[in-house]
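Subject: The structure, and what turned up in it

Hello,

Here is the structure I promised to pass on. Please open it next to this email, and the notes below will walk you through it.

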Amino acid sequence: MVKVKVKIVSMQDADKFNKICSKYDCDMDLQSDKYYVNAKSIMGIFSLDLSKALVLNAATDDEEKVKKDFADFIQ
C-alpha cells in the first residue's frame with residue numbers, strides 16, 4: 001500500500017488526476033479526514049472538500065511509479 005499526500009486545486013486537476021488513477025489496475029482511494037472515495041470516480045473526487053488535505057491510498061507496492069505519475073499533485 002502506497003500513501004501520499006496530494007493536492008487537487010481545480011476541475012482540470014481533478015480530471016487529470018482521475019485519468020492517471022484509471023490507468024492503474026489496483027484500488028485507488030482518496031481520503032479526506034474520515035471520508036474515503038474511489039479515486040477512479042470523478043464524481044467521488046468532486047464530492048470531497050478539495051480545500052482540505054487529501055491522501056491517495058494506492059493498493060500497489062510500486063511507490064516509485066506512483067510518486068512519478070502523481071508528481072504534479074504531491075505536496
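Which residues in the largest nonpolar core touch the most other members? They are Ile8, Phe17, Met28, Leu30, Leu56 and Phe70, out of 23 residues in that core. A nonpolar core here is a set of buried Ala, Val, Leu, Ile, Met, Phe, Trp, Tyr and Cys residues joined through side-chain atoms within 4.5 Å. Buried means under 20% relative accessible area, exposed means over 50%, and partly exposed is in between (1.4 Å probe, protein chains only).

Before going further, a word on the basis. This is a predicted model, in which local features need pLDDT of at least 70 and side-chain atom pairs count only at pLDDT 80 or more, while totals for chains, interfaces and linings use all residues. Residues are numbered from 1 along each chain as its sequence is written, and side-chain values use heavy atoms, with hydrogens and water left out.

The elements that give two or more residues to the core are strand S1 (2-6), H1, strand S2 (28-32) and strand S4 (54-58). Helices (H or I, at least four residues) and strands (E, at least two) are DSSP runs, numbered from the N terminus. H1 supplies the largest share of the core, four residues. In soluble globular proteins, nonpolar side chains tend to be buried together.

Contact means heavy atoms within 4.5 Å. Leaving aside neighbours within four places in sequence, leucine 56 has contacts that include Val2, Val4, Phe17, Cys21, Met28, Leu30 and Phe70.

Four strands make an open sheet in the order S1-S4-S2-S3, with antiparallel pairing. Two strands count as paired if DSSP finds at least two bridges between them. S1 and strand S3 (35-38) are the edge strands, each pairing on one side only. From one strand to the next, the twist averages 25°; axes are lines fitted to C-alpha atoms, for helices over the stretch in contact, and angles run from 0 to 180 degrees between N-to-C directions.

S2 and S3 pair in the antiparallel sense over four bridges. Leucine 30 has valine 37 in S3 as its bridge partner, and serine 32 has tyrosine 35. Most residues other than glycine have a negative phi, and most peptide bonds are trans.

Glutamine 31, in strand S2, has a side-chain polar atom 3.2 Å from the backbone oxygen of aspartate 33. Glutamine 31 counts as buried, at 18% relative accessibility. Setting aside neighbours within four places in sequence, its contacts are Tyr36, Ala53, Leu54, Val55 and Asn57.

**Polar side chains on the helices**

Is asparagine 18 buried or exposed? Asparagine 18 sits in helix H1 (residues 11-22) and counts as buried, at 10% relative accessibility. Polar atoms of its side chain lie 2.9 Å from the backbone oxygen of lysine 40 and 3.3 Å from the backbone oxygen of alanine 39. Beyond four places in sequence, asparagine 18 is in contact with Ala39, Lys40, Ser41, Ile42 and Ile45.

Aspartate 69 belongs to helix H3 (residues 63-69) and is partly exposed, with a relative accessible area of 26%. Its side chain makes a polar contact with the side chain of tyrosine 24 (2.6 Å). A polar contact is a pair of N or O atoms within 3.5 Å; within protein, one must be able to donate a hydrogen and the other to accept it, and residues adjacent in sequence count only if both atoms are side-chain atoms. The C-alpha atoms of aspartate 69 and phenylalanine 17 are separated by 9.4 Å, though the two are 52 residues apart along the chain.

**The cysteines**

How many disulfides does the structure hold? It holds zero, where a disulfide is a pair of cysteine sulfur atoms within 2.5 Å. For cysteine 21, the nearest cysteine sulfur is that of cysteine 26, 8.8 Å away. Cysteine 21 is buried, with a relative accessible area of 0%, and cysteine 26 is buried too, at 14%.

Enjoy looking around!

Best wishes
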